[in-house]
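Welcome, and thanks for taking a look at this one.

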Amino acid sequence: MKLSQFVCSAAIAFSFVVPVKPAFADLHGILIPLIGQQIIQGSRSSRPRSSGISSAQREQNRQVQTALNYFNYPVGRVDGSIGPRTRSAIRNFEADMGFGIDGQLTDFERNFLTGSYFRAQSAAQVPAYAQVLARQGANGLLRTFRNEQRGVPTPGVQPALTPATPAVPTPPQPAPAGLPSFQTAPTEAKSLANHCTQINVLTTTNGGFSTLATMTDPELVLNEQFCLARNIAVSDSAQLMARIPNMTDAQMVQQCQSLGAFMMGKVATMASTEPAQVINTAATALQSSGQSAQQLQMSGRICLGLGYREDDDAVALGSALIMAGINQQAYGEIISHHLREGFGVEADRARAKSWMTAALAALESGAVAPAFLPNQAADRLALLKAASSQAPTTPPVTGLPTFTLPSGN
């Protein structure tokens, strides 16, 4: 489709060929990308596009695909191209290993997968590993390697010892004159991806997700459902992104980062303003954007998952607020989780409960469709409602206690 066929409103300008600077509909201080508009128009470029994959990256992809096939996560032909079937295999691998399920291998996950494959090539020579292979197959061997990594020894296998590095004596240095100056490393920002990795380990250790019947820790239940919604959003975003023509992954990330930056002001009010007022403010701006609700919904869904994939809370929260602003109150659940845990916004558990209550009320009344796991809507709704009602509105106390006795005691 030629570029001239894309007709935008007078307030919207957008380049479909490698945009250097994202263009948006800039009304009432809010910028909305046109990703959704491209999906709805369904345009396709007739020109072939280069994959943009280097030979080194393609070889790394082949190693990943070979390892996935070996451990019974079939990807089909090993071609070095990470397509939908490989992404599905990666998600299955991540789920089995207790990693974050997003179909995007972290360096740690990739190294573990390919390293385990190379270990497996000589596993038959170790009697204990040979027994695992005979009884449980290659996938069982992979689980064994994962357990070893977590400190669970395999009977009959001698743990590898790391030889001690001999210490090199350092000649004494004269003490410098003056006062010492110690500088600490900067505090690492909170990472939702790391948080969900820890939650996934707990879920795996407990034998699966908590249910209404097995719930003993409402905090864990809410975090499990938060991370589950995150994974579903990443998967949903990837499917929509595959339908967008004329844009690279990097360009879509750039579009969504701009969305997050211009939604930042409204996101910041979430902790100090009632949900209804935040939603109304966002809705007013969105109505003036020149885009239809359908276009805004596509942009919101894509950038929500991209924000989570990139571990960018500003993008994720801005996208969730867009969804809430176009009458998709079910996404208020996402905002509630962020407020409860303090990812991308100042933590406020009382306000988080207000967002969750509003979202669940809209779902119970049938005003909106479930955003996550629609085929389990009733069960998940009951679980979220029970956990939210039982979870404390103040964060757990950490650190040493301080007790003060009256004078004279």
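A search of the whole structure, which is a predicted model, turns up two disulfides. If the bonded cysteines of the protein chain are numbered in sequence order, they pair as 1-2, 3-4. Let's go through the links in turn.

**The link of Cys 196 and Cys 227**
- The sulfur atoms of Cys 196 and Cys 227 sit 2.2 Å apart, and the two residues form a disulfide.
- The angle about the S-S bond is -90 degrees, and the link of Cys 196 and Cys 227 is left-handed.

**The link of Cys 256 and Cys 303**
- Cys 256 is joined to Cys 303 by a disulfide, with an S to S distance of 2.1 Å.
- Here distant parts of the chain are linked, 47 residues apart: Cys 256 is in helix H8 (residues 249–268) and Cys 303 is in helix H10 (residues 293–309).
- The link of Cys 256 and Cys 303 is left-handed, with -75 degrees about the S-S bond.

**Burial of the cysteines**
- Both Cys 196 and Cys 227 are buried.
- Cys 256 has 1% relative accessibility, so this residue counts as buried, given that buried means under 20%.
- Cys 303 counts as buried too, because its relative accessibility is 0%.

Key
Residues are numbered from 1 along each chain as its sequence is written. This is a predicted model: local features need pLDDT of at least 70, side-chain atom pairs count only at pLDDT 80 or more; totals for chains, interfaces and linings use all residues. Side-chain values use heavy atoms; hydrogens and water are left out. A disulfide is a pair of cysteine sulfur atoms within 2.5 Å. Buried means under 20% relative accessible area, exposed over 50%, partly exposed in between (1.4 Å probe, protein chains only). Helices (H or I, at least four residues) and strands (E, at least two) are DSSP runs, numbered from the N terminus.
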